Amino acid sequence: MINSGNIPFQNTDWENIPATEHQGETGTAYWKTISYGDLRIRIVEYSKDYKADHWCSKGHIIYCLEGEMISELSDGTQYKLTKGMSYQVSDELSSHRSISENGVKLFIVDGAFLAAKQD
């Protein structure tokens with residue numbers, strides 16, 4: 001595991017971070033990403049009619065900046081995330097996928113610190 005510690009103070013102008021495209025089952029996700037070792041920080045925008053093309057088991061801390069989305073769990077449970085809301089989940093605890101009818105903009109943090117603790 002690469003440690004993400006020792007990050008010096010710095011500002012991030014997200015307008016200057018290039019976006020990468022990631023196709024969903026429907027729609028497109030646009031990621032602006034900065035990484036510090038095992039820590040990943042992103043601004044992610046899902047287009048209108050976005051549906052993820054996979055179930056994700058990684059942990060995330062997600063804060064909704066604009067719009068709304070549904071987080072669907074593999075058991076069929078759905079949670080709506082709207083502007084000003086967040087969700088948190090550790091690795092391997094809940095397989096989930098994102099769905100957005102009208103688009104959404106998210107601030108996402110993930111990394112090894114979200115690894116599920118083994119008893």
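## Salt bridges at a glance

How many salt bridges does the count come to? The count comes to six, where a salt bridge is a side-chain nitrogen of Lys or Arg within 4 Å of a carboxyl oxygen of Asp or Glu. As background, side chains of opposite charge can pair when their charged atoms come close.

Before going further, a word on the model. It is predicted, so local features need pLDDT of at least 70 and side-chain atom pairs count only at pLDDT 80 or more, while totals for chains, interfaces and linings use all residues. Residues are numbered from 1 along each chain as its sequence is written, and side-chain values use heavy atoms, with hydrogens and water left out.

## The Arg40, Arg42 and Asp110 network

Let's look at one group of these pairs. A network of salt bridges links Arg40, Arg42 and Asp110. Between Asp110 and Arg40, the closest N and O atoms are 2.9 Å apart. Asp110 lies in strand β9 (residues 104-111) and Arg40 in strand β3 (residues 39-46), so this pair ties together parts that are 70 residues apart in sequence. Strands here are DSSP runs of E with at least two residues, numbered from the N terminus. Asp110 also meets Arg42 in a salt bridge, at 3.0 Å from N to O.

Asp110 is buried, with a relative accessible area of 5%, and Arg42 is buried at 4%. Arg40, at 27% relative accessibility, counts as partly exposed.

## The surroundings of Arg42

Arg42 is worth a visit in your viewer. The Arg42 side chain makes a polar contact with the side chain of Asp110 at 3.0 Å. A polar contact is a pair of N or O atoms within 3.5 Å; within protein, one must be able to donate a hydrogen and the other to accept it, and residues adjacent in sequence count only if both atoms are side-chain atoms.

Contact in general means heavy atoms within 4.5 Å. Leaving aside neighbours within four places in sequence, Arg42 is in contact with residues including Trp14, Trp31, His60, Leu106, Phe107 and Asp110.

## A pair between β5 and β6

Another salt bridge joins Lys80 and Glu68, whose closest N and O atoms are 3.7 Å apart. Lys80 sits in strand β6 (residues 78-82) and Glu68 in strand β5 (residues 60-73), twelve residues apart. Lys80 counts as partly exposed at 48% relative accessibility, and Glu68 counts as partly exposed at 35%.

## How the strands pair

Two strands pair if DSSP finds at least two bridges between them. Strands β3 and β9 run antiparallel and are joined by eight bridges, with Arg40 standing opposite Asp110 in β9. Strand β5 pairs with β9 in the antiparallel sense over six bridges; here Tyr63 stands opposite Phe107 in β9. Strand β9 is mostly covered, as six of its eight residues are buried.

## Nonpolar cores

A nonpolar core is a set of buried Ala, Val, Leu, Ile, Met, Phe, Trp, Tyr and Cys residues joined through side-chain atoms within 4.5 Å. The largest one has 14 residues, and those with the most contacts inside it are Tyr46, Ile62, Met69, Leu81, Tyr87, Val104 and Leu106. At least two residues of this core come from each of β3, β5, β7 (86-89) and β9. Apart from it lies another core of eight residues, among them Trp14, Ile34, Ile41 and Ile43.

Val104 gives a close-up of the 14-residue core. Leaving aside neighbours within four places in sequence, Val104 is in contact with Val44, Glu45, Tyr46, Cys64, Glu66, Gly67, Glu68 and Met69.

## Cysteines without disulfides

A disulfide is a covalent bond between the sulfur atoms of two cysteines; here the cut-off is a pair of cysteine sulfur atoms within 2.5 Å. A search of the whole structure finds zero disulfides. Cys56 is in none, and the nearest cysteine sulfur, that of Cys64, is 17 Å away.

Definitions and conventions. Helix = DSSP H or I, 4+ residues; strand = E, 2+ residues; numbered from the N terminus. Buried < 20%, exposed > 50% of the residue type's maximum accessible area, 1.4 Å probe, protein only.
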